[in-house]
Amino acid sequence: MLAAAILPLVGLTGLLASLLPAFGWSPVADQSPLPAWSTLTSLSGLTQMLTVTLITGLASTALSLLFVLIFACCCWKTRLWTLAEFTLPPLLCIPHTALAAGVSFLLAPTGVLGRLLAAINGWEIPPDLTTINDAWGLSLIFTLVLKEAPFLALMAISACRQIPVEKLLVTGQSLGYSPSLCWVKIVWTPLYRALRLPVLTVLIYSISVVDISMMTGPSLPPTLPVQILLWYQDPDLLYQAPAAAAVALLLVLSAIAVLCYLAAEKGVSYCLQPWITGGLRHLPHWIFMIGRGLWSGLSATSLGCLLLVALWSFITRWPFPDMLPCDWSLQLWSRHVHRLQTPLSTTLTLALLSTLAALVLAVTLLELGKYQTDRLRKATTITVYIPLLIPQIALMPGIQTLLISLNIDGLWATVIGCHLLFVFPYCYLSLAQSWRSYDARYSQTGHLLSGSRLRTFLYIKLPMLLPCLLTSSLLGASISSALYLPTLMPGAGRFETLTTEAVALSSGGSRSLLALYALVQVMPPLAIMAMAKLLPAALKRRTGRPLETRPAHKENAA
């Protein structure tokens, strides 16, 4: 309970410390609030900056949700649904910066699509088009959809296990509706209720993302979160106050985005109500074939971007417009392997320690949750969500200011604590449902035989929930290894991780070197995922029984 209160409190304190310089108080610079707001309002391209930030956030969230609707309606009980249950976790393991690097290799004028168009049209030079870092953020929207649609789809798969989907489909088919249309008219409503909070989290993230915006977003002017980071990194401390004012403006923009989304939700519901209650009971089969094709194309594009990253790390020369590289070599790996040791070890250490701490806190909180009322349990879940609903660029500057004031910035403990602020909510939320569905009769029997609650927990409950713990650790390690601002700001620039190095390399330099760092960045989460898959199977072979959470009997649940 203490962790559920302290971590959001730290986040809110950091948010307050980020906002105070905009209103005349700053521990690092003495400046009145008027220059802060006047500097912000006089910024060149501010209107376009705000417009692009808002449009990219809303458009990427809406498209991601649309892909989830297509996936649920068109792929239910098909091979694609079964395949998605196995392929979505690896897709979510891909860090944001690695995926952004793959998108740049795909969409750049000299990328794969540009070479394909050159082969078709006979071009000898790249087309004069801004396909990456375009002014309207189309490449940024594309990258965000590739990253967030699999996350929402995985949340939908998890929610479908808690919703009586089969009963709803049988009810709809008894009224003459086709199974796919039952999804749209009947099942989607309760499923969307379960997805609303994750969708809002995706919206806030899309509005405030920094690392992906720096790699694939517009540059002149950049998005508002990138401009905030540039001001905070400026050596002139007078820019701290305008940056704080921009943070306040970003919070207002995030609130506007949420209001726009909720208004669109009401509008779409009102417009679709006559169609839902209408007499249409069948849709053409080709619609569902197109839907399956769209989802398959989205998944293939994500995997293709990762494949491009892997290929570029072995390419020494690939002139335009050749479709295939001219030279392949391991020279890049051999030349830079010593430079990878420090960022790789730092990434692994931060991921392992922050994930371990997050799992301990999450398990402790869930164990104490057995003694909570339903209202208090819901309040705890909402409290855990708070750090995810506030933009990172609004939290981290204030936390950095507090750490500098206390002279504890640049320490391992502070960086791990900042990682824990964002890793813990995901670990808790991924464990909550499995933990609560555990059949307590196993522990009751173990307690009767051993007489010790601790031994029962360690030898019965914990081994049975081990697959859930490993999956949660995979998610936590993936999130920690992809964190950019929580490493850069509290670390005072002393901690080199694969993510910080990849973002730095994206601004220029060698494509092959960027691909090398991006590919190595994918390896730790994939290694943890392999361990999460292989360890339960090994324990099953050793003990001769499966490790799983069995649902309680109906009479016990009642």
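# Close-up views of a predicted model

Phe71 and Trp295 are both buried (buried is under 20% relative accessible area, exposed over 50% and partly exposed in between, with a 1.4 Å probe and protein chains only). The model is predicted, so local features need pLDDT of at least 70 and side-chain atom pairs count only at pLDDT 80 or more, while totals for chains, interfaces and linings use all residues. Residues are numbered from 1 along each chain as its sequence is written, and side-chain values use heavy atoms, with hydrogens and water left out.

**View 1. The aromatic pair of Phe71 and Trp295.** The whole structure holds 10 aromatic pairs. Rings of Phe, Tyr and Trp (for Trp, the six-membered ring) pair if their centres lie within 6.5 Å; planes under 30 degrees apart count as stacked, over 60 as edge-to-face and the rest as tilted. The ring centres of Phe71 and Trp295 are 4.6 Å apart and the planes stand at 35°, so this pair is tilted. Phe71 belongs to helix H3 and Trp295 to helix H13 (residues 285-312), and the pair links distant parts of the chain, 224 residues apart. Helices (H or I, at least four residues) and strands (E, at least two) are DSSP runs, numbered from the N terminus. One aromatic cluster is formed by Phe71, Trp76, Trp81 and Trp295.

**View 2. The crossing of helices H3 and H4.** Helix H3 spans residues 46-75 and helix H4 residues 79-93; their axes come within 8 Å and cross at roughly 130°. Axes are lines fitted to C-alpha atoms, for helices over the stretch in contact, and angles run from 0 to 180 degrees between N-to-C directions. H3 and H4 are therefore oblique to each other (under 35 degrees counts as roughly parallel, over 145 as roughly antiparallel, 65 to 115 as roughly perpendicular and the rest as oblique). On H3 the contact is made by Phe71, Ala72 and Cys75, and on H4 by Leu80, Trp81 and Ala84; contact means heavy atoms within 4.5 Å. By class, the contact of H3 with H4 has six nonpolar residues, no polar and no charged ones. Ala, Val, Leu, Ile, Met, Phe, Trp, Tyr, Cys and Pro count as nonpolar, Asp, Glu, Lys and Arg as charged, and the others, Gly among them, as polar.

**View 3. Pro150 in helix H7.** Pro150 lies in helix H7 and is buried, with a relative accessible area of 4%. Leaving out residues up to four places away in sequence, Pro150 touches Leu88, Leu91, Leu92, Val145 and Trp295. Between the C-alpha atoms of Pro150 and Leu516, which are 366 residues apart along the chain, the separation is 24 Å.

**View 4. Arg115 over Trp318, with Leu116.** The charged end of Arg115 sits over the ring of Trp318, 4.3 Å from the ring centre. A charge sits over a ring if NZ of Lys or CZ of Arg is within 6 Å of the ring centre and within 35 degrees of the ring normal. Leu116 is found in helix H6 and is partly exposed, at 41% relative accessible area. Leu116 and Met323 are 207 residues apart along the chain, and their C-alpha atoms are separated by 7.2 Å.

View 5. Leu220 and Pro221 are joined by a cis peptide bond with omega of about -10°. Pro221 is in the loop between helix H10 (211-216) and helix H11 (224-232). The peptide bond from Phe320 to Pro321 is also cis, with omega near 10°. Pro321 is placed in the loop between strand E1 (315-317) and strand E2 (327-328).

**View 6. Two asparagines with positive phi.** Asn133 is not a glycine, yet has a positive phi of about 60°. Asn133 lies in the loop between helix H6 (112-121) and helix H7 (138-160), and counts as partly exposed at 27% relative accessibility. Asn407, not a glycine either, has a positive phi of about 60°. The loop between helix H16 (392-405) and helix H17 (412-436) holds Asn407, which is exposed, with a relative accessible area of 66%.

**View 7. Trp328 in strand E2.** Trp328 lies in strand E2 and is partly exposed, with a relative accessible area of 49%. Residues up to four places away in sequence aside, Trp328 touches Leu311, Phe314, Ile315 and Thr316.
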